[in-house]
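Student: I would like to go through some strand pairings and a helix packing in this model. Can we take them one at a time?

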Amino acid sequence: MGKYESDAKQLLTALGGAKNVASFMHCATRMRFVLKDDALADKPAIEKIGAVRGMFTNAGQFQVIIGNEVPEFYNDFVQVSGLTGASKEDTKAAAKTHQNVVQRAVATLAEIFTPLLPAIIVGGLILGFRNILEGVQFGGSTIVEQSQFWSGVNAFLWLPGEAIFHFLPVGITWSITRKMGTTQILGIVLGITLVSPQLLNAYAVNSTAAADIPFWDFGFAQVNMIGYQAQVIPAMLAGFMLVYLERFFRKHIPQAVSMIFVPLFSLLPTILIAHVVLGPFGWWVGDGLSNIVNAGLTSSFSWLFGLAFGLLYAPVVITGLHHTTLAIDAQLISTYGSTNLWPMIALSNIAQGSATLAVAIAHRGNKQEEGISVPATISAYLGVTEPAMFGINLKYVYPFIAAIIGSGIAGMFVTIMGVRAYSIGVGGLPGILSIVGQYIGIFAIGMVIAVAIPFILTFVLRKVPALNKIEAVDEATGEIIDENDAPAPQPLATTIESPEFDRLYAPATGNVLPLTAVPDQVFAQNMMGEGFAVDPTEGRISSPVVGTVTAVFDTKHAIGIQMPNGLEVLVHMGLDTVALKGAPFTVHVQPGDAVQPGTRLAFMDIEAVKAAGYSPEVIVVITNSDQLAEFRLLTSGPHESGDPVAEAQTAALPETTPRPKAEPAL
């Protein structure tokens, strides 16, 4: 078993057990589940699992964000669940039973463009770099005008740049056949016939007289030989026609001759119809869509379109509909040579990262959350917002609202100023590489807006209870306090009138036990020192004394504290839990930290400890008991009488039998 065994067990339980998992797989950062009943998933419990960065339901899948370690987590989940992971296609097919028509259409679109993203991202970086080389003035001239070397680099980079964007229809038709499970090489061939050098390049059509456009002459009809470079919709229409023709003929042509006639009867009619009907129609639809979007973003109401898109893009990401913007951006670039949509998407990424950064600063000191917020901030600034959105911003609500407000204002600003991008690719901060040269400075101001406004608003809105899912935040430590992780109550603190260092408090809520009741002879026979135990009912572990942390074991199961009077106290979480190698424990202190009764030391996942076959008793022992004189044990917790002193239990160690209603001596 691996290091995520405990977390995998917790996740399986929180999902409703193996019987509730219909199918599962993993992608680059997420575990993707299709559950038989989503209502059985215990979302609050899942959020508390250490390895989980966030979760959401989309496209019929219950998705749990793990991060880059997801392959290792997946392997451990397979082991603890006894289930076999499904292929991507099987999981998606199972998920479709949970989807409506719109969700299926969006999922299909996403599955077409997702395999193309690596090329599109690289292409965006290349075109962005070329944009700087040939479009930005330095000392009155561009870099390519000043340097033959960079002029050569610029010319060379057009080779992959052209291959990616001008020949995009090849990728689209291939991806459609791949997604639909038909013959992929036919998709590639179809795509090539849409961008072949034999055809008049799409970018030259407007500058070519009608009489000079080449054509195929069939005697009774002529068909223009026009290419569809960078066109999205014509390629999609042709790709789907090829798929459905192949499926039709594969059903009706005998297997013995299917290898010959299925490709022939599928491919040739598709190519012809693509150039006669689908291509011109798709071009018309694509231009119409581009014109509508561009008109809205360049009209006198452009500020409203920019504001609305900036506000709504992140919520649209939650639904998965944002994949449609890839097609629109590509069509805008094809029609106008640039897009006014992509700059707003890049700014939305930045805004989400800025809100997450503010949360990380506001909650600094919370080690567990920093493991999510810091990487999520970096990821969002580089264009991938899911960890920030689902791991932090949506969890607390107020940073998400701050982010979309900042995104809306930044989007409105760049839209009013007419900012456009040559290409789509990496979002977030690197998105500036894609911006048309004359707008780079303006876009930089938009970036400042997308950083500053969400960052500031996050601190402002976190003070608004209606926008904050978290009931309270410990302002001193930055740690999050919710109903399942409230600070251990300290009802006896009000009885202390002067510093007292000779008292031990129960480190956890639960039943106080003498060491003789602990099923471990080392502790039961006081070999480690005198003390007591608690059978915990909650996972929060607090300091039992005033003192300084002297040691935190590598396996996180034990913490050493030295009291001002020289006594050394060991807080040991669980029995034999050293074997768990820290998996069920989250430590919140480090050597040198000053603590007092009630200071949170750690969190122990009690269920995970039990599931691993270990006992969860929390042991408190004075390891240098030879210096022990007399101490009193005070346990704090809820009291029905409302009188903490009346309910206090005191004892002189090593005696651990409580004396009810004893007044603590000061």
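Student: Which residue in β18 is the bridge partner of Ile541?

Tutor: The model is predicted. β12 spans residues 540-542, and it pairs with β18, residues 600-604, in the antiparallel sense over three bridges. The partner of Ile541 in β18 is Ala602.

Student: In the open sheet of three strands, which are the edge strands?

Tutor: The strand order is β12-β18-β16, with antiparallel pairing. Neighbouring strands here are turned against each other by 20 degrees on average, direction ignored. The strands that pair on one side only are β12 and β16 (585-587).

Student: Which residue of β14 is the bridge partner of Thr548?

Tutor: β13 and β14 belong to an open sheet of seven strands, ordered β10-β11-β19-β15-β14-β13-β17. Strand β13 covers residues 547-552 and strand β14 covers 558-562; they pair in the antiparallel sense over four bridges. In β14, Thr548 is partnered by Gln562.

Student: At what angle do α10 and α11 pack?

Tutor: Helix α10 comprises residues 184-195 and helix α11 residues 233-252. Their axes lie 10 Å apart, and the crossing is right-handed. The packing angle is about 145 degrees.

Student: How many charged residues does the contact of α10 with α11 have?

Tutor: From α10, the contact involves Leu186, Gly187, Leu190 and Leu194. They meet Ala235, Ala238, Gly239, Leu242 and Glu246 in α11. By class, the contact has six nonpolar residues, two polar and, as for charged, one.

Methods: Residues are numbered from 1 along each chain as its sequence is written. This is a predicted model: local features need pLDDT of at least 70, side-chain atom pairs count only at pLDDT 80 or more; totals for chains, interfaces and linings use all residues. Side-chain values use heavy atoms; hydrogens and water are left out. Two strands pair if DSSP finds at least two bridges between them. Helices (H or I, at least four residues) and strands (E, at least two) are DSSP runs, numbered from the N terminus. Axes are lines fitted to C-alpha atoms, for helices over the stretch in contact, and angles run from 0 to 180 degrees between N-to-C directions. A crossing is left-handed if the near helix is turned anticlockwise from the far one by less than a right angle, and right-handed if clockwise. Contact means heavy atoms within 4.5 Å. Ala, Val, Leu, Ile, Met, Phe, Trp, Tyr, Cys and Pro count as nonpolar, Asp, Glu, Lys and Arg as charged, and the others, Gly among them, as polar.
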